[in-house]
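Please read it alongside the sequence and the coordinates.

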Amino acid sequence: MTTRHTACETKVSGGSFDRRRFIAGAGMAAAFAVVRPEAVRGFAANGKIRLGMVGCGGRGGWIANLFNRNGNYEIAAAADYFKDRVDGFGQRFGVPENKRFTGLSCYKKLLDEKVDAVAIISPPYFHPEQAAAAVDAGVHVYIAKPVAVDVPGCLSIEASGKKATSKKLCFLVDFQTRANEFFIEAIRRVHAGDIGELCFGQASYLTGRLGKQAEPGTPEARLRNWVFDKALSGDIITEQNIHTLDVASWIMNAEPVFATGAGGRKERTDVGDCWDHFACVFVYPNNVGVTFMSKQFREFGEPQSGIRNLMFGSKGTLETEYGGDVLIRGEKFYRGGRTTAIYEEGAVNNIATFHKCVTEGDYSNPTVAPSVRSNLVTILGRTAAYTGEQVYWDKLIKSTERLDGRLEGLKA
């Protein structure tokens with residue numbers, strides 16, 4: 001991760017939030033970029049970017065509201081497997097009935113509408129295929145993390161990002177922490193040597209149960225409950241824990257050499273097949289170990305939920321918490337600040353950045369490479385935990401194994 005700010009980086013004021021359970025604080029007002037006339041070919045008559053939304057569930061509706069608030073987007077089409085979701089979304093955001101699409105191939109119908117950009121907020125299993133189709137169609141891509149559930153999917157996203165750049169298209173991965181000024185500055189200082197030589201680190205994501213969206217037993221119920229499904233979500237270490245592992249990867253600024261791991265499914269056994277806890281060790285160059293733990297089941301006693309990272313160096317310690325404090329203790333103290341509203345502010349910033357990149361013609365797409373690497377880190381840990389073996393990075397990235405989405409029984 002370079003410390004140089006690109007034209008597509010933005011800053012926010014910090015502020016705390018427990019993801020998925022609360023949306024804390026009011027988001028910042030988005031910055032409005034000046035649209036150069038030569039950059040708006042194909043945009044709507046009012047100068048707004050015509051946006052297609054792929055994925056109209058809770059997260060899709062939430063982020064669509066932020067696109068609307070930005071003021072520089074027109075939600076022109078919507079796609080979701082489920083008719084009730086796309087209709088509810090369409091009514092909320094004024095999408096005509098003939099611009100609402102359903103079924104597994106809904107994204108293809110949406111792309112036929114010649115939108116300028118798509119926001120891909122569907123289950124992660126579908127991201128590589130949908131992103132590749134969007135880039136092939138000449139459409140800018142705003143995509144949720146994780147970007148994929150397996151190694152071939154990650155490499156597909158990497159290829160789509162490069163192809164987007166070659167076709168003068170924007171491709172942005174929505175990580176909130178990487179758009180927060182305190183995270184950016186603290187990690188810049190770590191890379192500059194402010195905590196000395198890195199010794200070891202800790203990463204954790206501890207949270208409670210997530211709610212079921214449908215009673216299990218049918219293919220459609222499985223799709224509604226995708227967050228509990230290994231293939232559709234990548235398991236909790238990829239779908240949810242990527243936030244803390246991305247920060248660890250950002251701090252280390254390198255690929256791990258190998259990982260070991262353990263975990264299982266012991267408390268939440270009533271839905272899906274995802275594990276409900278993981279514990280891993282990632283060993284980086286120079287024999288720097290990063291321990292990781294996560295859980296996704298009920299709290300017992302004093303709640304310990306949170307998304308936290310620690311990095312211990314020879315001259316100081318970096319402390320970060322998603323929704324809490326970011327600071328450096330040691331010889332070169334950095335107070336940083338609280339990130340209370342990071343969940344919303346991060347998305348607001350990324351939406352503004354996406355518009356700025358599209359309208360100013362910045363197609364460098366700097367979020368792709370680090371996002372792919374973080375995604376692969378989660379798969380490395382998952383593979384080590386599933387197999388009980390020491391798994392090396394060099395071997396993992398050669399894997400051709402694809403997770404089977406088991407889409408039988410779902411309408412095309």
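The model is predicted. One of its sheets is open and consists of six strands, ordered β3-β2-β1-β4-β5-β6, with parallel pairing. Its edges are β3 (100-101) and β6 (171-174), each of which pairs on one side only.

Within this sheet, β4 (residues 117-120) pairs with β5 (residues 140-144) in the parallel sense, and four bridges join the two strands. I120 has I143 in β5 as its bridge partner. In general terms, the strands of a sheet are held in pairs by backbone hydrogen bonds, either parallel or antiparallel.

## Packing of α4 and α5

Two packed helices are described by the angle between their axes and the distance between the axes. For helix α4 (residues 127-136) and helix α5 (residues 151-166), the axes come within 9 Å and cross at roughly 15°. Angles under 35 degrees count as roughly parallel, so α4 is roughly parallel to α5. The crossing of α4 and α5 is left-handed.

On the α4 side, the contact is made by H127, P128, A131, A132, V135 and D136. The α5 side contributes G153, S156, I157, S160, K163 and A164.

## Mixed sheet and the helices across it

Another open sheet has nine strands in the order β14-β13-β12-β11-β7-β10-β9-β8-β15, and its pairing is mixed. The edge strands here are β14 (334-338) and β15 (391-392), each pairing on one side only. An antiparallel pair in this sheet is formed by β12 (residues 316-321) and β13 (residues 325-330), with five bridges between them. T320 has V326 in β13 as its bridge partner.

Helix α6 (residues 181-191) lies across β7 (198-207), β12, β13 and β14, and runs at about 155° to β14. Helix α12 (residues 368-387) lies across β8 (258-264), β9 (277-284) and β15, at about 115° to β9.

## Helix α10

How many of the residues of helix α10 (residues 242-252) are buried? The count is 11 of the 11, so α10 is largely enclosed by the rest of the structure. After α10 comes N253, which has a positive phi, near 55°.

## Nonpolar cores

In soluble globular proteins, nonpolar side chains tend to be buried together. In this model the largest nonpolar core has 105 residues, and M53 and F171 have the most contacts inside it. Beyond its neighbours within four places in sequence, M53 is in contact with G60, I63, A64, F67, A77, A78, A79, F89, L110, A119 and I121. Apart from this core lies another, of 11 residues, with Y81, F126, L232 and L410 among them.

## K411

Which residues does K411 touch, not counting those up to four places away in sequence? They are Y81, T102, G103 and L104. K411 itself lies in the segment after α13 (393-396). The C-alpha atoms of K411 and T102 are separated by 9.0 Å, while the two residues are 309 residues apart along the chain.

K411 has a relative accessibility of 43% and therefore counts as partly exposed.

Methods
Residues numbered from 1 in each chain as written. Predicted model: local features only at pLDDT ≥ 70, side-chain atom pairs only at ≥ 80, totals over all residues. Heavy atoms only, no water. Core = buried A, V, L, I, M, F, W, Y, C linked by side-chain atoms within 4.5 Å. Buried < 20%, exposed > 50% of the residue type's maximum accessible area, 1.4 Å probe, protein only. Contact = heavy atoms within 4.5 Å. Pairing = 2+ DSSP bridges. Axes fitted to C-alpha atoms, helices over the stretch in contact; angles between N-to-C directions. Parallel < 35°, antiparallel > 145°, perpendicular 65-115°, else oblique. Left-handed = near helix turned anticlockwise from the far one by under 90°.
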